[in-house]
Amino acid sequence: MGLFDNAVPGGNITKPLMIALGALLVGKMLSGRSEEQPAEAQAPAPTPAGTSADGGLLGGLGGLLDRLRDAGHGGVADSWVGTGQNRPINANDLGSALGPAVIREIAQRTGMNEHELLQQLSTALPGVVDKLTPNGQVPPQHQVTSAFNS
């Protein structure tokens with residue numbers, strides 16, 4: 001996937017993990033329908049209230065970071081955005097921050113079980129967020145979307 005190839009330990013991001021990351025960060029790209037298709041062509045996926053149409057299940061990268069901060073993991077999230085060392089996050093802590101509805105939704109989209117999904121996301125997110133924030137700042141949502149589309 002180009003930009004993200006060395007964002008995770010071991011190299012390339014698998015397709016299910018890319019779907020999971022897209023569901024969190026860019027939504028529409030991986031929601032199962034394109035702009036041209038009518039909404040009724042596929043049953044809409046349930047999304048938590050307050051999400052942005054193109055910002056994934058949590059309202060994009062900023063929404064993900066806000067969720068982590070609200071759950072008491074602001075230092076970890078800020079380390080991913082900042083220019084220093086990325087701090088790890090425990091899979092259970094990530095699951096608590098994202099919430100069971102989001103985890104269930106992503107697991108359904110990817111075909112992964114929730115435990116494996118959280119293990120992979122907790123490993124991948126620090127590097128992916130770091131790659132998306134090379135200057136230590138959260139980019140506009142359209143730039144995050146472009147990174148996933150390239």
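Leu125 is buried, with a relative accessible area of 0%; buried means under 20% relative accessible area, exposed over 50%, partly exposed in between (1.4 Å probe, protein chains only). The model is predicted: local features need pLDDT of at least 70, side-chain atom pairs count only at pLDDT 80 or more, and totals for chains, interfaces and linings use all residues. Residues are numbered from 1 along each chain as its sequence is written, and side-chain values use heavy atoms, leaving out hydrogens and water.

Me: In which helix does Leu125 lie?
Reply: Helices are DSSP runs (H or I, at least four residues), numbered from the N terminus. By that numbering, Leu125 lies in helix H6.

Me: How far apart in space are Leu125 and Leu21, C-alpha to C-alpha?
Reply: Contact means heavy atoms within 4.5 Å, and Leu21 is among the residues that Leu125 touches. In sequence the two are 104 residues apart. Their C-alpha distance in space is 7.9 Å.

Me: At what angle do helix H1 and helix H6 pack?
Reply: Axes are lines fitted to C-alpha atoms over the stretch in contact, and angles run from 0 to 180 degrees between N-to-C directions. The axes of H1 (residues 15–25) and H6 (residues 114–132) are 10 Å apart. The angle is about 65°.

Methods: Helix = DSSP H or I, 4+ residues; strand = E, 2+ residues; numbered from the N terminus. Lists of a residue's contacts leave out its neighbours within four places in sequence.
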